[in-house]
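Please brief me on this protein model.

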Amino acid sequence: MFYKFINKDSKEVQVYFGDDEKFAEENGFVHKGDVEQVYHSGSYYPLGEVPEDVLKKEKRFHREAIFDEIKWKIDRYREEQDLGIKTTDSEEEYRSYLEYRQYLRDLPQMQGFPNINIKTYEQYKEIK
């Protein structure tokens, strides 16, 4: 894989995924090596060189996606209670979802952010 810098300040690169070295050189793809893609923007960077501000945005984007996955369970529980019907989840599970959401909210203040792994709900339940 070849790449060329399209913004030297931000280290963002354009990638050529082919293996034709002549084509790569003729088109300015002078660097050869691994890259990583930032999911939320689709931008590429040399492996290990994603700027910290981009990593923070990426981690927050990931956190928000997980947040939304849990939100519907909380909403369902509240709606079932409002309707006076048997809830799908127990009150204990409901509280656990709320605690997990708080864990997600607290992530940006945690030591090492953004270079931390976000625990899944199942992982979070095991440690609490």
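The points below run from model confidence to single residues.

This is a predicted model, in which local features need pLDDT of at least 70, side-chain atom pairs count only at pLDDT 80 or more, and totals for chains, interfaces and linings use all residues. Residues are numbered from 1 along each chain as its sequence is written, and side-chain values use heavy atoms, with hydrogens and water left out.

**Confidence**
- The protein chain averages a pLDDT of 92; pLDDT is the predictor's confidence in each residue, from 0 to 100.
- A score of at least 70 is reached by 100% of the residues.
- By element, the lowest mean pLDDT is 84, in strand β3 (residues 31-32), and the highest is 96, in α3.
- Elements are DSSP runs numbered from the N terminus: helices are H or I with at least four residues, strands are E with at least two.

**Nonpolar core**
- The largest nonpolar core holds 16 residues.
- Such a core is a set of buried Ala, Val, Leu, Ile, Met, Phe, Trp, Tyr and Cys residues joined through side-chain atoms within 4.5 Å.
- Buried means under 20% relative accessible area, exposed over 50%, and partly exposed in between, using a 1.4 Å probe and protein chains only.
- Ile70, Tyr100, Tyr103, Leu104, Leu107 and Ile118 have the most contacts inside the core.
- Two or more core residues come from each of α2, α3 and α4 (121-127).
- Beyond four places in sequence, Ile118 touches residues including Ile66, Tyr103, Leu104 and Leu107; contact means heavy atoms within 4.5 Å.

**Helix α3**
- α3 has 16 residues and spans 23 Å from first C-alpha to last, close to the expected 22 Å.
- The expected span is 1.5 Å times one less than the number of residues.
- Its buried residues are Tyr94, Ser96, Tyr97, Tyr100, Arg101, Tyr103 and Leu104.
- α2 and α4 are among the elements covering them.

**Thr87**
- Thr87 sits in the loop between α2 (52-83) and α3 (91-106).
- Thr87 counts as buried because its relative accessibility is 19%.
- A polar atom of the Thr87 side chain lies 2.7 Å from the backbone oxygen of Asp89.
- Setting aside neighbours within four places in sequence, Thr87 contacts Tyr77, Glu80 and Gln81.

**Tyr45**
- Tyr45 belongs to strand β5 (residues 44-46).
- Its relative accessibility is 4%, so Tyr45 counts as buried.
- With neighbours within four places in sequence left aside, its contacts include Val13, Val35, Val38, Val50, Pro51 and Val54.
- Tyr45 and Gln102 are 57 residues apart in sequence and 32 Å apart in space, C-alpha to C-alpha.

Key. A polar contact is a pair of N or O atoms within 3.5 Å; within protein, one must be able to donate a hydrogen and the other to accept it, and residues adjacent in sequence count only if both atoms are side-chain atoms.
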